[in-house]
Amino acid sequence: MIWDTHAHIDDPVYTEDFQEVTERMKSSGISRVTNVGYDLPSSERSVKLAQGYDFIYAAIGIHPHNAEGVTDETFAKLLLLAKEPKVLAWGEIGLDYYRDLSPRPIQKEIFIQQIKLANEVGLPIIIHNRDAHQDVLEIVKAHPPKYGGVFHCYSGSWEMAKVLLNLGFYLSFAGPVTYKNARHTVEVATHVPLDRYLVETDSPYLTPEPRRGKRNEPTYVREVVKKLAEIKNLPFEEVALQTMHNAETVFGISQKV
Ligand SMILES: [Zn+2]
């Protein structure tokens with residue numbers, strides 16, 4: 001049993017074969033997937049999917065790319081979605097200084113506001129951080145999430161990972177840990193404590209080896225587990241079980257569903 005804790009299977013690339021994608025996933029032991037929102041419409045789609053399929057859970061939130069233009073009305077609608085029973089996290093939220101699609105001051109403001117909202121409704125947060133390590137760190141220190149959080153597709157150094165682990169965060173690994181140039185990520189995976197890591201695909205992006213470059217789907221999270229098992233020198237099943245258990249802990253699923 002594996003939980004793909006971060007995917008976007010509401011993406012139109014799955015329109016034609018959604019049924020096959022989810023059947024493949026279930027027959028390969030992927031028992032749960034969290035579909036993650038990045039703006040209001042995708043958050044609504046995530047909730048709809050979670051309502052329609054017992055193995056799909058939802059996260060809702062505004063990605064830093066889409067921070068510009070967010071209004072109080074957007075937040076009011078997200079707050080309503082957050083109350084749906086299968087919404088397990090607020091995300092993905094954070095900062096992206098690589099593509100800078102929204103002005104940085106607005107990214108920061110929307111990130112902080114959403115941490116506060118997550119605290120208000122009792123949800124952990126899912127953080128997207130690209131090339132913004134210092135500012136993300138400052139923000140989560142100044143505005144700590146009360147219900148914990150996950151750094152999705154963790155790509156930082158082990159130095160930063162240590163700080164985040166001390167702050168109580170979980171680190172989630174995705175396809176890039178299987179790539180040949182993944183020296184930093186492999187180092188982090190080597191040292192991350194067994195009770196603090198998760199796995200994800202970020203489907204349809206970040207396809208792991210050996211399918212890198214093609215469309216990703218939740219089934220391929222097995223490649224991430226396989227790589228982590230190799231790095232940690234543990235059996236595949238043990239890593240799968242640990243990440244499932246960790247996901248249950250951070251998402252508080254025993255109380256919610
Ligand atoms: Zn994502």
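Start by selecting Trp 90, which stands opposite Ile 125 in β5. This is a predicted model: local features need pLDDT of at least 70, side-chain atom pairs count only at pLDDT 80 or more, and totals for chains, interfaces and linings use all residues. Residue numbers start from 1 along each chain as its sequence is written.

**The β4–β5 pair**

Select strand β4 (residues 87–96) and strand β5 (residues 125–130). They pair in the parallel sense over 5 bridges. Strands pair if DSSP finds at least two bridges between them. Helices (H or I, at least four residues) and strands (E, at least two) are DSSP runs, numbered from the N terminus. Gly 94 also has a counterpart in β5: His 128 stands opposite.

Is β5 enclosed or open? 5 of its 6 residues are buried, so β5 is largely enclosed by the rest of the structure. Buried means 20 or more other C-beta atoms within 10 Å of the residue's own; exposed means 12 or fewer, and partly exposed is in between, with C-beta atoms placed from the backbone.

Stay on β4 and pick Glu 92. The peptide bond joining Gly 91 and Glu 92 is cis, with omega about 10°.

**The whole sheet**

Now show the strands. 8 of them form an open sheet, ordered β1-β2-β3-β4-β5-β6-β7-β8, with parallel pairing. β1 and β8 stand at the edges with a single partner strand each, so one side of each has no neighbour in the sheet. On average, neighbouring strands of this sheet are turned by 30° against each other, direction ignored. Axes here are lines fitted to C-alpha atoms, for helices over the stretch in contact; angles run from 0 to 180 degrees between N-to-C directions.

**Helix α9**

Select residues 236–250, helix α9. Its 15 residues reach 21 Å from first C-alpha to last, close to the 21 Å expected at 1.5 Å a residue. The expected span is 1.5 Å times one less than the number of residues.

Which residues of α9 are buried? Colour Val 239, Ala 240, Gln 242, Thr 243, Asn 246, Ala 247 and Val 250. Seen down the axis of α9, these buried residues fall within an arc of 165°, so they line one face of the helix. The arc is that of the directions from the helix axis to the C-beta atoms.

What covers them includes β1, β6, β7, β8 and α8. Contact means C-beta atoms, placed from the backbone, within 7 Å. α9 lies across β1, β6, β7 and β8, running at about 55° to β1. Just after α9, Gly 252 takes a positive phi of about 55°.

**Two loops**

Go to the loop between β8 and α8 and select Asp 202. Its phi is positive, about 60°, although Asp 202 is not a glycine. With 23 C-beta neighbours inside 10 Å, Asp 202 counts as buried. In the loop between β8 and α8 you also find Pro 204. The peptide bond from Ser 203 to Pro 204 is cis, with omega near 5°.

Next, Asn 233, in the loop between α8 and α9. Phi of Asn 233 is near 55°, positive in a residue other than glycine. With 7 C-beta neighbours inside 10 Å, Asn 233 counts as exposed. Most residues other than glycine have a negative phi, and most peptide bonds are trans.

**Last stop: α5**

Select Ala 142, in helix α5 (residues 133–142). Ala 142 has 9 C-beta neighbours inside 10 Å, so it counts as exposed.

Key
Two residues are in contact if their C-beta atoms, placed from the backbone, lie within 7 Å.
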